[in-house]
Amino acid sequence: MAEEFLVVKDLHKSFNEFKAVNGVSFSINKGEIFGLLGPNGAGKTTTIRMLSTVLQSDSGDITIGGHSVRNEAEAVRNIIGVCPQDLALYEDLSALDNMVFFGRMAGMGGKEAHEQAMTNLKLMGLVERAKGKVAKFSGGMKRRINLAIALMGHPQLLFLDEPTVGIDPQSRNNIYENILGLQKKGMTILYTTHYMEEADRLCQRVAIMDGGQIISMDTPYHLKSQIGSPEKVTLEDVFLKLTGRSLRD
Amino acid sequence: MKRALFITLNEVRLYLQDKADLAFGLLLPIITFALMYGAFGGQTMFKATAPVVNEDRDAYSAQLIEQLDKVEGIKVELLTASEADTKLEKSDLLLVLFIPSNFTETLVSGDKAELVFKQRGNGGQEGQILASIIRGVIENMNQEFLVRNQMRSNLEGKGIPENSIEVTVKEYLDKERQQPAVGVAEEVTGGSPDFINQYLPGIITMYVLFSLTLSARAIVEERRRGTLERLLTTRLNAWELFIGKFLSSVARGFVQTFILLVLSYAVFRIFTPLSFLASLVISLIFAAAAAALGMIIASVARSEDGATWIGVVFTMFMVMLGGTFFQVSEGTILATIGKVSLNTYANEAFRTIIAKGGSLGDTLQPLAVLAGVAVVGLIISRLIFRAVPGGK
Amino acid sequence: MKNLKHVWFIALKDLKIFSRDRASVFFFIVFPFMFIILFNFLMRGVGGEDKRLELHLVTREAAGGLSQQIISAMETKDESRLGPGEPKIVRDKDYEEAHRAVEDGKLAGFLAFPPDFTQALMAGTGTKLEVFTNASNVNNRAALNGLARAISSQIGTNQVVIEASVALLVQGGAIPTDRDSINKAAQQMMNEILSGGEERAGASYITFRTDKVGEVEAENPSNWVIPGYLVMFVFFAAAVTAEIIVRERQNHTLERLLASSVKRESILGGIFTGTVIKGLIQIIIFWAFGILVFHVDLGLSPLAVIILSVLMVLMSSAFALMLATLAKTLRSAASLAVITSLVLAPLGGCWWPSFLYPEWLQNIARITPHAWATGGFNKLMVYGAGFGDVVPSMLALLGFAVVFGVIAAWRFRTSAV
């Protein structure tokens, strides 16, 4: 039986009258890549922010690696890495400076942070640009640095919030390979995206969120089976069938 | 050109809706003027600290110090002799009054007592006035002794009893002190109206210049965000975009000055309808010159922070050199350096209209300079302005 | 220990970012000095004015009147014979001309005797000297008023002597009681007093001696220019760093930091530390330059100057932090920084000394930390005060720093990411 690394039970969060997250429950097994899909405004980013201890939930339990997010937030932060949807970089600093800084924030020593930074830059194919100012990087390079920073501090659980938005296929491919490589090394990953083929390719299981709730959760194969032949139906078809075709905010 | 005007109108509309901008452009000049008016606009009086070394510490020295302290604007500071000597040595003080140790004793015995002014040179401006005030106070104290002495001299051998003299002296002295034979009536000319005429134009031009140079930051931000580039993908061409931005700056500056001048008109009544209209013309030309400067800053600055700093630097220098806070005398080096400041010409033009009752014809020279700056600034900024880094 | 490390790394990161922005570094250091150099140039010679006071007297009385004699006695005929500090008394011939000159700003003011001066004195009806001055010339106004009071006092003395003497002589029977005899006796005494002249002046019981200990040396304007602009620019530079927190929020790096094990307090502490370090660098450069180039005199207690400077930096950094927690956008952070700096600087005596303000405005200025800082610096460097005299200023700055810091910590703690 696979070990559950992240467990979410009946999570709720409201902003004034608006229920952003309304009774979400799921779990992620150790070493699994779990996809969280949903239209804009479904509550994905709010959920991730609660899981990464940035936002407090109104009610519900979250356990990561055996630690309660509510009571042991410090311990949780020591084992997670976050790659936010928006680029969170110091554009006036170099790639290496950014990574060393966040590494040190994650509790690494100077030498250790430097070595880890170079390793991660190599992984992302950015070693030659280590000392380059981030402001001068292309969009794809910035996304790769954004991901590389999330790896500083040897996290056991990685939150990747739409990590491939607006980048070229080469950069995207590089990121996919890195994600799969990390999984092979035992990393547990929560992955959100609007690109269904990405979720299909990378994720062992996928949860589809809409209106603050999980409306369906299973492997991509089984989700596709629900509406037709898995060889012919795409995850996008499943997504659109479940969430509808009307425009969201 | 129509599209350029749309940009202008849109920016003015945004300006009037932006509370922070309005606070900066309208509230701040009012606060500054009110501050300065409160500080300097009233009839100020002489204020000084009178340093005194009192080695006597008896009745008459106490009386002298008490009377000196009662003089409006004068505050007595008691020092020891060594403190006073040290401060005189270091020029921290230029004049100190020394009351010798036998001051009271000498006066009581009927002899003459001597006070000492220890000073550097003439005692400086403040010291000379303090000395004259101290002499005035001493004169009052002296009065009693002089009167008694003179009376005794006048009445010698007339068989008038001593106590009658004492009583009569006291009676007449009291009467004189209550109702002096020679009073002092003061009349002061100048003051508040001069203050308004002197400082109001300068403060208005200062904040208009600030607003327009700081608005360069917004253009830099737009360039960085890519919204300028987006505008160029429409039917708008680079020239129209540039002119639109320039005209919007001019319009903003003019609207700001217009509101401030209307408030001045309403509160201080310093205009006639004709002089108000003339002031509006000056405002328009000054706004154009300031806007041109703002466009140069927007063209040169690489970042928003850089634009802010450059704007603040230029504005503060122009304000200081332009005679905003103090009169610049003709023929001085400062007046020569001040010729590079836009505020010099704008303030001169405003003061000619407001304070001297002149007409627009009397302001042709400063207006020509401002107009020239506007034109040249516009050309230079157009040559270096880029809506897209490395592009049009 | 971990939290302190975070504070340090965040401070270093901010300093690194700042040092890479060459334009900001240039304006942070060079711009204030351009101002200081300009104002040093403008203010040179200020405080060195030791020109002899010149006071103008005029009379509207016809020739032969008492006022003519008074003016003649007081008029300076040979300036070279005046002692140190003695004013030069100038007689103006025409009242109307003098009046116009004052209105046109060509003359600072004058003291005038009324047309009926002698007559009023003889009749005992009382009269008034007129002091007419230009509002802008406070010094001359004070001096003329002082002179008027002295003249009034002298004449008053004479009047008392005459009236009291005559009264006693009438009482004692030495003078007949009829009006004519009394007037004649009074006139005679008046003539005696007037003819007494300098001899009578020597009868003064309190005399003066002037000991000249040296010449007036022009004050080094740097002694008040540098502290004033140091206060202004340290505050301004710190206020501008209010953008840092806003930028961290907009960049989402704030969220990222919070998602790692960095506490909010550490982030605040790091930004504060970075701002303090920048401020300390600024004041070191200011004072080093001031001492080496402008020969600033730090007064009797250089230690007090240093402590005051450091407290100024701490207060400014705390203010910047508070501002950062209030501003929602980069633009509003920049605007707030400029607005607060431009209002607090003149109110607090950075542009000109606040002792020039009326009492009520000086009291209002006390709500600004600038007023306490410039007041402390002026006491130490211009008025020769000691350490103890500026302890209230130090405590005030510390108080401001604590208040701003508490507000910043409270707002940051409760604000959304």
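The model is predicted, so local features need pLDDT of at least 70 and side-chain atom pairs count only at pLDDT 80 or more, while totals for chains, interfaces and linings use all residues. Residues are numbered from 1 along each chain as its sequence is written, and chains are lettered from A in the order in which they are written.

Chain C is assigned domain 1 (2-47 + 224-414) and domain 2 (54-201), with bounds from an automatic or database domain assignment. The centres of these two domains of chain C, taken over C-alpha atoms, are separated by 57 Å.

In chain C, the axes of helix 1 (residues 2-20) and helix 11 (residues 264-292) come within 7 Å and cross at roughly 50°. Axes are lines fitted to C-alpha atoms over the stretch in contact, with angles from 0 to 180 degrees between N-to-C directions; helices are DSSP runs (H or I, at least four residues), numbered from the N terminus. The residues of their contact divide into 9 nonpolar, 7 polar and 2 charged.

Helix 12 (residues 302-326) and helix 15 (residues 369-381) of chain C pack with axes 10 Å apart, at an angle of about 170°, and are therefore roughly antiparallel. Among the residues that meet here are C:Leu308 and C:Met312 of helix 12 and C:Phe377 and C:Leu380 of helix 15, contact requiring C-beta atoms, placed from the backbone, within 7 Å.

Technical notes:
Helix = DSSP H or I, 4+ residues; strand = E, 2+ residues; numbered from the N terminus. Nonpolar A, V, L, I, M, F, W, Y, C, P; charged D, E, K, R; others polar. Parallel < 35°, antiparallel > 145°, perpendicular 65-115°, else oblique. Contact = placed C-beta atoms within 7 Å.
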